[in-house]
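Biologist: Could you take me through this structure one feature at a time, giving the general idea before the particular case?

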Amino acid sequence: MRMGYNLQLEQTQKLVMTPQLQQAIKILQLNAIELDRFIQKEMETNPLLEINESYETEYEKDLNESTKNKLKEKEIDWKEFSDDYHSRGIQQSGGSYSGDNEMSYENMISVKPSLQDFLMNQYHLTLLNKNFNEVGEYIIYSLDENGYLNIPLMEIAEEFNIEPSVVENILTVIQTFEPAGIAARNLKECLIIQLKQLGVMKENAYQLIEEYLVEIADNKYPQVAKKMGITVEEVQNICDFIRTLEPKPGRKFSSANHTYIVPDVVVKKIGEDYVVIINDRIGPRLMIRDDYRKMLSNNDENSDTVKFINDKLNSASWLIRSIEQRRQTIYKVVEKIIEKQRDFFDHGKKYLKPMTLKEIAEEIEVHESTVSRATNGKYVETPSGTFELKYFFTSGIEGEDGEGVSAESIKSIIKEIINEENPKKPLSDSKIADILTEKGMPISRRTVAKYRDDLLIPASSKRKRF
């Protein structure tokens, strides 16, 4: 058999991930805030890019038109405004008229103190020996975000070479500070501190927390009442009061609880129609500077300057094109979501229908992964509230009428059923499943239990009122 080398031409199709395509995919995945950061970074490296200041976004057009209409409808009584101004003696610096509000609250800046700052201000007002200031500060700065002290007192005593009883006394002083229950070492101590600060005298309340906290969490009121020798109703009343106490006194100071969302899309109802407005306020519109365009025509084509400008021009053009493509893709996706989920926008969460990424992808003639990237981490502001775009893509079941019912709709109905139940005879998961089946939504008991857990609703045994 003879072997050798030869040349052969063959045509094949391949998807090559060019840097430009990678950039376009990355831009599509970014939400409004991330896109703004990306644009700012690109403008630092590409001198040809600048913000188009004269461009008025669709969002701004709609906002300006709305404001003008409101100003026409509402005549300002300047005499009344002047009288109110002088009677209060308040000077509103930087205030601006915007719609119904006569002052922009964005011009007011408030700084929220941390938990440690709040406690240190109180600690400096105590009459403790100044020699123990460092011990108190050490305890305060050792509290976790919920306001609990997780360090043993013996360890603090060894750190400062003092008696544990001294540390205990300082801790007792700190536990009298606001918020009530601060610097506790466990949940029981936290609740008892709050009872003492509220002046509660009933011994039964203290005994319940000290001895039966686990039992009352499981709603075992009859067993607890029998052991304590009191009525079930009395146990329940005490437990209702205990539930009004704050189990995590430091959490209102925690910044981790605050999530700020900037919607990428705004949906407004005008008449009977819904209008999709892409939020361009965060990601500004870009343009290519004219002075660099002139430099291209005035310089030799082979010069290094022209080559540099050409490279940056191609990069800037592609970036602008990718941002516009992202904008158009998100617009088409939201438009189709409104079309398919019209009942949700008209009537609320109960009317959300099952919908998949593939359905939208087929409607707007793109790949499913493109729709996934366009909806991931992005939010839409609607008349019913602000939702993540992924919220509209849910699984569900087929009702008796042949139409799909989404999981979110079923959860909403389960919540309504439980809110309307007799608290002395709460409905079991099986009974809720039977009610849903009668409504044309046949689901199993296990599914009801799963959805109920998602809604953070306890089981019927823990919902029962005695």
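Modeller: Let us begin with burial: a residue is called buried under 20% relative accessible area, exposed over 50%, and partly exposed in between, with a 1.4 Å probe and protein chains only. This is a predicted model, in which local features need pLDDT of at least 70 and side-chain atom pairs count only at pLDDT 80 or more, while totals for chains, interfaces and linings use all residues. Residues are numbered from 1 along each chain as its sequence is written, and side-chain values use heavy atoms, with hydrogens and water left out.

Biologist: What percentage of the 466 residues in the protein chain do buried residues make up?

Modeller: Buried residues account for 35% of the 466 residues. As for secondary structure, helices (H or I, at least four residues) and strands (E, at least two) are DSSP runs numbered from the N terminus, and the chain has 22 helices and 8 strands.

Biologist: How should I read a nonpolar core, and which residues have the most contacts inside the largest one?

Modeller: In soluble globular proteins, nonpolar side chains tend to be buried together. A nonpolar core is a set of buried Ala, Val, Leu, Ile, Met, Phe, Trp, Tyr and Cys residues joined through side-chain atoms within 4.5 Å. Here the largest has 27 residues, and Val-334, Ile-337, Phe-345, Val-371 and Phe-392 have the most contacts inside it. Two or more residues come from each of strands E2 (265-270) and E3 (273-278) and helices H15 (304-340), H16 (342-347), H17 (357-364) and H18 (368-375), with H15 giving the largest share, 5 residues. If contact is taken as heavy atoms within 4.5 Å, Val-334 touches Val-265, Val-267, Val-276 and Leu-389, leaving aside neighbours within four places in sequence.

Biologist: In what order do the 4 strands of the open sheet run?

Modeller: Two strands pair if DSSP finds at least two bridges between them. The order in this open sheet is E3-E2-E5-E6, with mixed pairing. E3 and E6 (385-388) stand at the edges with a single partner strand each, so one side of each lacks a neighbour in the sheet. Within the sheet, E2 and E5 (residues 379-382) run parallel and are joined by 2 bridges, and Val-265 stands opposite Val-380 in E5.

Biologist: At what angle do helices H19 and H21 pack?

Modeller: Two packed helices are described by the angle between their axes and the distance between the axes. The axes are lines fitted to C-alpha atoms, for helices over the stretch in contact, and angles run from 0 to 180 degrees between N-to-C directions. H19 (residues 407-419) and H21 (residues 445-454) pack at about 80°, with axes 10 Å apart. Angles under 35 degrees count as roughly parallel, over 145 as roughly antiparallel, 65 to 115 as roughly perpendicular and the rest as oblique, and H19 and H21 are therefore roughly perpendicular to each other.

Biologist: Which backbone details in the loops deserve a look?

Modeller: The peptide bond from Glu-178 to Pro-179 is cis, with omega near -5°, and Pro-179 lies in the loop between H8 (164-174) and H9 (187-197). That loop between H8 and H9 also holds Ala-183, whose phi is near 65°, a positive value in a residue other than glycine.

Biologist: Is Ala-183 buried or exposed?

Modeller: Ala-183 is buried, at 0% relative accessible area. Asn-161, in the loop between H7 (153-160) and H8, likewise has a positive phi, near 55°, but Asn-161 counts as exposed at 72% relative accessibility.
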